[in-house]
Amino acid sequence: MRYRLTFIAGLATGYVLGARAGRERYEQLRKATQRVTQNPAVRNSAESVALTGRDAAAKAFGKVSAKVEDRLPASVSDRVRSLREQRSADEDEWGTSNT
């Protein structure tokens, strides 16, 4: 209950401060955010983090599926095995480009 009350108080405070700041301040924040997101260094860092995350997820998938495969029902275990066999090291399983 205390966390819910703290969240509601924070939400109300944010709303009041945001309403007082108005449209002008909103536009300033939006433009600053766009400048940051368009920065090549930020974009390269975000891409690097995404690729690292994909690699970590692929390794975790392999390890976890190998450990729990024998504990799963046969139909699920067959599906996990077929997914593991379909993957290749250079393939992007997430449907996004690596550029």
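Which residue's side chain does Arg-30 meet in a salt bridge, and at what N to O distance? The views below take that up, along with the rest of this predicted model.

View 1. Running from the N terminus, the elements go α-α-α. Helices here are DSSP runs of H or I with at least four residues, strands are runs of E with at least two, and numbering starts at the N terminus. Of the 99 residues, 6% count as buried; buried is under 20% relative accessible area, exposed is over 50%, and partly exposed lies in between (1.4 Å probe, protein chains only). The chain exposes about 8600 Å², and carbon and sulfur atoms supply 60% of that. Those areas come from the Shrake-Rupley method with a 1.4 Å probe, and for residues only the protein chains shown count as cover.

**View 2. Arg-30 pairs up with Glu-27 in a salt bridge, 2.8 Å from N to O.** To score as a salt bridge, a side-chain nitrogen of Lys or Arg has to sit within 4 Å of a carboxyl oxygen of Asp or Glu. Both Arg-30 and Glu-27 belong to helix 1, three residues apart, or about one turn of the helix. Arg-30 is partly exposed, at 32% relative accessibility.

**View 3. Glu-27 also meets Arg-23 in a salt bridge, this one at 3.2 Å, N to O.** Arg-23 and Glu-27 are four residues apart in helix 1 (residues 2-38), so about one helical turn separates them. How exposed are the two partners? Arg-23 is exposed, with a relative accessible area of 58%, while Glu-27 is partly exposed at 21%. The count for the model comes to two salt bridges.

**View 4. Helix 2 (residues 40-68) packs with helix 3 (residues 74-86) at an angle of about 145°, axes 11 Å apart.** Axes are lines fitted to C-alpha atoms, for helices over the stretch in contact, and the angle between N-to-C directions can run from 0 to 180 degrees. From helix 2 come Phe-61, Ser-65 and Ala-66, which meet Val-80, Leu-83 and Arg-84 of helix 3; contact means heavy atoms within 4.5 Å. By class, that contact has four nonpolar, one polar and one charged residues.

**View 5. Arg-84 sits in helix 3.** With 28% relative accessibility, Arg-84 is partly exposed.

**Notes for all views.** Residues are numbered from 1 along each chain as its sequence is written, and side-chain values use heavy atoms, leaving out hydrogens and water. In this predicted model, local features need pLDDT of at least 70 and side-chain atom pairs count only at pLDDT 80 or more, whereas totals for chains, interfaces and linings use all residues.

Terms used. Ala, Val, Leu, Ile, Met, Phe, Trp, Tyr, Cys and Pro count as nonpolar, Asp, Glu, Lys and Arg as charged, and the others, Gly among them, as polar.
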